[in-house]
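This briefing is for a reader who has not seen this structure before. Please look over the sequence and the model first.

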Amino acid sequence: SADYRYLVGVHNGLHKGHIPEVLPRNDTLAGPMGRYADQVGGFFFIHRDDLSNFAPQWLSITEDVRQDPEAWRLAGDSYVEKGGKPWISEMYGYVFSAAKNDVWHKWDLTTMHYPTYVPTGVPKVMH
């Protein structure tokens, strides 16, 4: 999966209302030590059995994040205004439901980059 560090809600408190049962991670494979979900997006390589297990929760958690009155402040969405619904709610739906189902990711730092990223290799996709 691609590096989506702007998903700061995985460690700043947004997670508490959506995945309180998930324990903090003790690795840096897809985000900082102590995160409660991975900071990933863009693309995923995932086994269909894992996906079928948490796809319904993905939608449900997405809807919950959109209704969360604090999500506008905690999501890291630079386009949402006070009281608004983050456009990245669906991304939180995915990472929170994956964490809830013990599906964890590893950043692929060479496949996709944003224009401001400094490549560590030859990127295959510019986002």
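The notes below cover a pair of helices, then a group of loop residues.

The model is predicted. Helix H1 spans residues 48-67 and helix H3 spans residues 89-100. Gln 39 sits in the loop between strand E1 (2-3) and strand E2 (40-41), while Trp 107 sits in the loop between H3 and E3.

**Helices H1 and H3**

- Two packed helices are described by the angle between their axes and the distance between the axes.
- For H1 and H3, the axes come within 7 Å and cross at roughly 130°.
- Angles over 145 degrees would count as roughly antiparallel and 65 to 115 as roughly perpendicular, so H1 and H3 are oblique to each other.
- The crossing of H1 past H3 is right-handed.
- On the H1 side, the contact is made by Phe 54, Gln 57, Trp 58, Ile 61, Thr 62, Val 65 and Arg 66.
- On the H3 side, the contact is made by Ser 89, Glu 90, Tyr 92, Gly 93, Tyr 94, Phe 96, Ser 97, Ala 98 and Lys 100.
- By type, the residues of this contact between H1 and H3 are eight nonpolar, five polar and three charged.

**Gln 39 and its surroundings**

- Gln 39 has a relative accessibility of 3% and therefore counts as buried, the limit for buried being under 20%.
- A polar atom of the Gln 39 side chain lies 3.3 Å from the backbone oxygen of Leu 7.
- The backbone oxygen of Gln 39 lies 2.7 Å from a polar atom of the Trp 107 side chain.
- Not counting residues up to four places away in sequence, Gln 39 touches a set of residues that includes Ala 2, Asp 3, Tyr 4, Arg 5, Leu 7, Ala 30, Gly 31 and Trp 107.

- Trp 107 counts as buried because its relative accessibility is 14%.
- Trp 107 and Ala 30 are 77 residues apart in sequence, yet their C-alpha atoms are 5.0 Å apart in space.
- With neighbours within four places in sequence left aside, the contacts of Trp 107 include Ser 1, Ala 2, Leu 29, Ala 30, Gly 31, Gln 39 and Val 40.
- Gly 31 is in the loop between E1 and E2 and is buried, with a relative accessible area of 4%.
- Beyond its neighbours within four places in sequence, Gly 31 is in contact with Gln 39 and Trp 107.
- Gly 31 and Asp 3 are 28 residues apart in sequence and 8.0 Å apart in space, C-alpha to C-alpha.

**His 15**

- His 15 is placed in the loop between E1 and E2, and at 5% relative accessibility His 15 counts as buried.
- Leaving aside neighbours within four places in sequence, His 15 contacts Gly 9, Val 10, Pro 20, Tyr 36 and Phe 96.
- Phe 96 is also one of the H3 residues in the contact with H1.

**Exposed loop residues**

- Asp 102 is in the loop between H3 and E3 and counts as exposed, at 58% relative accessibility.
- Most residues other than glycine have a negative phi.
- Asp 102 is not a glycine, but its phi is positive, at about 60°.
- Pro 115 is in the loop between strand E3 (112-113) and strand E4 (125-126).
- With a relative accessible area of 61%, Pro 115 is exposed.
- Pro 115 is 17 residues from Ala 98 in sequence and 28 Å from Ala 98 in space, C-alpha to C-alpha.

How values were computed
Residues are numbered from 1 along each chain as its sequence is written. This is a predicted model: local features need pLDDT of at least 70, side-chain atom pairs count only at pLDDT 80 or more; totals for chains, interfaces and linings use all residues. Side-chain values use heavy atoms; hydrogens and water are left out. Axes are lines fitted to C-alpha atoms, for helices over the stretch in contact, and angles run from 0 to 180 degrees between N-to-C directions. Helices (H or I, at least four residues) and strands (E, at least two) are DSSP runs, numbered from the N terminus. Angles under 35 degrees count as roughly parallel, over 145 as roughly antiparallel, 65 to 115 as roughly perpendicular and the rest as oblique. A crossing is left-handed if the near helix is turned anticlockwise from the far one by less than a right angle, and right-handed if clockwise. Contact means heavy atoms within 4.5 Å. Ala, Val, Leu, Ile, Met, Phe, Trp, Tyr, Cys and Pro count as nonpolar, Asp, Glu, Lys and Arg as charged, and the others, Gly among them, as polar. Buried means under 20% relative accessible area, exposed over 50%, partly exposed in between (1.4 Å probe, protein chains only). A polar contact is a pair of N or O atoms within 3.5 Å; within protein, one must be able to donate a hydrogen and the other to accept it, and residues adjacent in sequence count only if both atoms are side-chain atoms.
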